[in-house]
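Hi,

Here is the structure I said I would pass along.

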Amino acid sequence: MASVTIRDLRKSYGGTAVIHGVSIDIAEGEFVTLVGPSGCGKSTLLRMIAGLEEVGGGEIRIGGCVVNDVAPKDRDIAMVFQNYALYPHKTVAQNMGFALTLKGVDKREIAARVARAAEVLGLTGLLDRYPRQLSGGQRQRVAMGRAIVRDPQVFLFDEPLSNLDAKLRVQMRAEIKELHQRLRTTSIYVTHDQIEAMTMADRIVVMRDGRVEQAGAPLDLYDRPANRFVAGFIGSPAMNFLKGRIAVNGTASFVTEGGIRLPLAKAPPASDGRPAVYGLRPEHFAIDPDGGIAVQVAVVEPTGSETQVVATLAGQEVVGVFRERLSAKPGEFLPLRPNPAAAHLFDAEDGRRLL
Ligand SMILES: Nc1ncnc2c1ncn2[C@@H]1O[C@H](COP(=O)(O)OP(=O)(O)OP(=O)(O)O)[C@@H](O)[C@H]1O
Ligand SMILES: [Mg+2]
């Protein structure tokens with residue numbers, strides 16, 4: 001395993017810049033997930049690290065060595081794609097060992113490495129099968145096996161689970177995490193799925209439009225998003241945002257555009273009257289018949305373990321998630337109390353965190 005250091009990396013296609021100076025430090029053995037909206041440059045970044053795309057500017061180091069001009073096969077990296085395309089006429093063992101065969105590695109050595117990877121992945125009994133005789137999850141594991149047998153310095157994953165159904169995704173997600181705990185190979189994992197990003201990563205990098213918005217430990221990003229974009233991107237259902245102004249008059253509060261006063265634990269210095277955006281995660285509303293704000297219920301969605309409520313607060317839509325079962329019906333009023341200590345404040349113009 002090796003560290004990966006990316007410095008001011010840039011890339012354009014034709015005249016269009018798609019990566020605008022990205023810097024990321026990935027430590028040896030770290031598992032980093034890369035998230036962001038479609039088209040923000042995740043695959044492009046990964047492909048540059050792999051050497052499949054030319055670098056437009058900046059530097060990529062693997063294990064301390066600049067690899068900008070090193071051929072992909074000499075970077076000692078293994079990549080697992082969404083579309084893992086196994087060879088249909090080769091067995092599981094042949095698929096897994098193929099890269100080593102091409103390299104001219106000794107047959108016994110290949111067999112030993114394939115056997116070891118198969119054991120790690122629970123594929124030992126399936127080595128003589130063909131891809132068509134496998135389930136989706138088993139095929140995905142063969143694709144992983146193909147990467148593992150190479151014993152690379154770095155694994156790159158580009159949405160490897162997005163072809164699987166929901167249940168299998170959850171299972172494979174746990175398997176990949178467990179695998180990383182065992183092998184400790186430096187890994188960069190691209191995903192759309194922010195739950196996947198949260199649960200698998202040592203660190204998450206959130207990208208938007210070819211730039212890094214924030215990088216940090218999953219719960220740090222969740223608890224202290226650097227700006228409104230990250231706040232809205234990490235967490236499901238997403239954080240609620242309400243427009244209004246900060247009011248400091250002895251105590252601090254936030255007054256929404258519709259004139260509802262929401263208590264704040266604290267306010268930024270000299271912020272009385274300042275326009276801002278108030279952020280609150282859905283689980284930070286409580287139902288409080290004594291002191292709650294009456295919100296009008298629009299939709300109630302019981303999931304069994306919890307109840308999601310979409311409601312209107314001072315003309316703005318909010319979502320609450322509650323552990324208790326609720327009998328509220330659309331059109332009725334529900335008394336919601338936001339937890340002041342869990343509220344976030346963002347600048348009304350550029351969205352950066354205020355406090
Ligand atoms: N070969 C190419 N030629 C021109 N533009 C490209 C090329 N490849 C990617 N792009 C553009 O670069 C931008 C980043 O694309 P990229 O595939 O890296 O996004 P992504 O974050 O992986 O998106 P997704 O989540 O949809 O996979 C997009 O605007 C895309 O249209
Ligand atoms: Mg992509």
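Let's begin with helix 2: its buried residues are covered by, among others, helix 3 (107-121) and helix 4 (136-148). Before you go further, keep in mind that this is a predicted model.

Which residues of helix 2 are buried? Within this helix (residues 92-103), they are Val92, Asn95, Met96, Gly97 and Leu100.

On to the domains. The protein chain splits into domain 1 (4-233) and domain 2 (240-347). Going by C-alpha atoms, their centres are 39 Å apart. How many residues are in contact? On the domain 1 side there are 8, and they meet 6 residues of domain 2. Together the two domains bury about 670 Å², with 58% of that on carbon and sulfur atoms. If you were going to look for salt bridges between domain 1 and domain 2, the count is 0.

The charged end of Arg281 sits over the Tyr222 ring, 3.8 Å from the ring's centre. There is also a lysine case: Lys90 has its charged end over the ring of Tyr87, and here the distance to the centre is 5.5 Å.

Now the aromatics. The count is 8 aromatic pairs. One of them is Phe229 with Phe233: the ring centres are 5.8 Å apart and the planes are at 20 degrees, which is under the 30 degree cut-off, so this pair counts as stacked. Where do these two residues lie? Both are in helix 8 (residues 228-233), 4 residues apart, or about one turn of the helix. As a reminder, an α-helix has 3.6 residues a turn, so residues three or four places apart point the same way.

Are Phe229 and Phe233 buried or exposed? The cut-off for buried is under 20% relative accessible area. Phe229 has 18%, so it is buried. Phe233, at 19%, also counts as buried.

Elsewhere in the chain, Phe31, Phe155, Phe157 and Tyr189 form one aromatic cluster.

That's what I have for now.

Cheers

Conventions. Residues are numbered from 1 along each chain as its sequence is written. Chains are lettered from A and ligands numbered from 1 in the order in which they are written. This is a predicted model: local features need pLDDT of at least 70, side-chain atom pairs count only at pLDDT 80 or more; totals for chains, interfaces and linings use all residues. Side-chain values use heavy atoms; hydrogens and water are left out. Rings of Phe, Tyr and Trp (its six-membered ring) pair if their centres lie within 6.5 Å; planes under 30 degrees apart count as stacked, over 60 as edge-to-face and the rest as tilted. Helices (H or I, at least four residues) and strands (E, at least two) are DSSP runs, numbered from the N terminus. Buried means under 20% relative accessible area, exposed over 50%, partly exposed in between (1.4 Å probe, protein chains only). A charge sits over a ring if NZ of Lys or CZ of Arg is within 6 Å of the ring centre and within 35 degrees of the ring normal. Domain bounds come from an automatic or database domain assignment. Contact means heavy atoms within 4.5 Å. Buried area is the accessible area (1.4 Å probe) that two parts lose on being put together, summed over both. A salt bridge is a side-chain nitrogen of Lys or Arg within 4 Å of a carboxyl oxygen of Asp or Glu.
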